Amino acid sequence: MESIHCNSLVNPNFSLNQRHRRINRALLDRRDALLRSLNAVELRRSRTFSAVRTSNFSVTAAATDVGGRNSTDASVMTTAMSGVERGIRVGKSNSALEQLDIERGVCVPFRKYSPETVRSKVLESRGAVVSLVSRGVEIVWTLGLYWSTLMYDFLVGRDEEVVPFRARQLRNLLCNLGPSFIKAGQVLANRPDIIREDYMNELCILQDDVPPFPNEVAFNIIEEELGQPLEAIFSKISSETIAAASLGQVYRATLRATGEDVAIKVQRPQIEPIIYRDLFLFRTLASFLNGFSLQKLGCNAELIVDEFGEKLLEELDYTLEARNIEDFLENFKDDPTVKIPGVYKNLCGPRVLVMEWIDGIRCTDPQAIKDAGIDLNGFLTVGVSAALRQLLEFGLFHGDPHPGNIFAMQDGRIAYVDFGNVAVLSQQNKQILIDAVVHAVNEDYGEMANDFTRLGFLAKDTDVSPIVPALEAIWQNSAGKGLADFNFRSVTGQFNKLVYDFPIRIPERFSLVIRSLLTQEGICFTLKPDFKFLEVAYPYVAKRLLTDPNPALRERLIQVLFKDGVFQWKRLENLLSLAKENVAKMSSNPNLRVKRVESKLDLTDTIKDGARLFLLDEGIRRKLILALTEDSKLHVEELVDVYRLVEDEVDIPTLAMEVVRDLPNVFRDFVLSWSNSVLSDR
């Protein structure tokens, strides 16, 4: 995940210096990978001389020291920089990838994937043409046979009755075609814009479990990547894999130096050439489907393959996963409710990842969680809040939170593992999402449809007028049920029908958002069938709107509080009540009694900003005065009700000191605003 925000609405928590540090860190990681590769060559040449290997590792460690200024360091950095420049030039030459970057609101300085890169990787190998032809024939023959059975079903009029059988047949077919198709099937399971819902449901259970490859091969890969013999690093390693998937497998081990238990993730041998070959064939086949795709989805089929290929190649590079873990650690460093495993960067490479072992309880076993003394409601509250923080606050979220990747810790925290599949939402995308929520609350469905265009669901210049009534029907139907019956799966089912009827494409990052929310909601229902997801989600969103320092969110708060120019007193009271509920739930969580969790709703900055806005913005001032004197009466009761909601949450002396301290700035802004209005009048 090496994307960097380039739009004007950059995340205030993601400063320019942080972005520079991340680029430098990425360059250093690539340099380290090159040095490890050189050292691995030495290891293979002198496998029987452990003393030589140890010496080589020491040299590598010295060469990779950040403070080192030797010629090797400079040459590797120069090589990395030239590679970056070439990557940027290649990326700019591809219109599909440019479209993706524009939709995401980000630029990508280190692009693992581009059609040119895939083509050159595939065609440079020996026997490339023979391999491509044989694999292409296999794919076309297998998929062609399957397509012919669908056509036969349609012609004889039994296409609907055999759907369950054909869906299972498709799932098995994808498994048999290998890891690229397994991953493609998992993506299709969240793409109602491409396949029918009944097929999606079958692909949701597509198993990524495959037989493990031999330990001897895995251990050789670890030694090659780390440049040391296995016994020099680990005092103990499991004789059997903990888990095996299409791209790699996991072992449990103990570090010799510290005695800490770790998880070792090892990539399957020779998996990269297979993935590159299949991606080349995918894109070649997609080029023949561009016309059909433009008609049905409003985009080229090649664009969909590019999205898929980019994510798949990111999963193949374990140095990227190590960086993802570091980013999650940074995001949750002050959150006492979430556990992210540490990563041992000095023991990681493109094909090997070593991270802290998580000893937790699988979150699909409610009885085991109860037996451990963990409060179930408290754990679910923690989980939903963590998921929403990833999505709306950080813009970096876990893309595959299935039950095997989420654990309950003995102290009540929620733990995540497997960060190969994560997605990034730019500040721009997050703000558009919040806009969509605000437009839904205000029942402005025309603007909601425009939000879909801005997010990349609809092609530019698409006529949204036919979509507006469908959006209104979905929202009214869902909102009308209330919290008791609302769930994301039912809303998603209705949205899937909308996607099938209109030229809507679901961008890859948002398909991950949908899958993430659906999966975590499913986990909540498994642990507690009557759990109300929105009863936790609503209070969190209300708290964000009221307390987040981001000026853009403050602007959205104003949009929520005013409808058709009229101040909504009831909405303000509801937001305050929900936000207080969120704080109360977290502070009273029995799993977190010994942890540092805020016990009050801090509205100091919000009140300060509101007072400043009242003084400086004539339009807001007029609307608030009208709200207080609406219907020819003073709305004192509403003011009293609001005050009663916040009186325990606001420290009046502290607030007064903050206001006094801020008076010079307010006076300056007032004078500037007044002078601007005078000059504009003239």
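View 1. Of the 682 residues in the protein, 49% are buried. The model is predicted. The protein holds 29 helices and 15 strands. Its accessible surface comes to about 33100 Å², and carbon and sulfur atoms account for 57% of that. Take the contacts between residues at least 6 apart in sequence: 70% of these join residues at least 24 apart.

**View 2. Helix α22, residues 508-527.** This helix has 20 residues. From its first C-alpha to its last, α22 reaches 29 Å. That is close to the 28 Å expected at 1.5 Å a residue. In α22, 15 of the 20 residues are buried, so the helix is largely enclosed by the rest of the structure.

View 3. His398 lies in strand β10, which covers residues 396-398. Its relative accessible area is 1%. His398 therefore counts as buried, since the cut-off is under 20%. The side chain of His398 reaches the backbone nitrogen of Asp400 at 3.1 Å. Beyond its neighbours within four places in sequence, His398 is in contact with residues including Phe328, Gln390, Asn405 and Ser516.

**View 4. Two cysteines, Cys175 and Cys348.** Cys175 has 29% relative accessibility, so it counts as partly exposed. Cys348 has 2% relative accessibility, so it counts as buried. A search of the whole structure for disulfides finds 0.

Notes. Residues numbered from 1 in each chain as written. Predicted model: local features only at pLDDT ≥ 70, side-chain atom pairs only at ≥ 80, totals over all residues. Heavy atoms only, no water. Helix = DSSP H or I, 4+ residues; strand = E, 2+ residues; numbered from the N terminus. Expected span 1.5 Å × (residues − 1). Buried < 20%, exposed > 50% of the residue type's maximum accessible area, 1.4 Å probe, protein only. Contact = heavy atoms within 4.5 Å. Areas by Shrake-Rupley, 256 points an atom, 1.4 Å probe, with all protein chains shown as cover. Disulfide = S-S within 2.5 Å. Polar contact = N/O pair within 3.5 Å; in protein donor to acceptor, adjacent residues only side chain to side chain.
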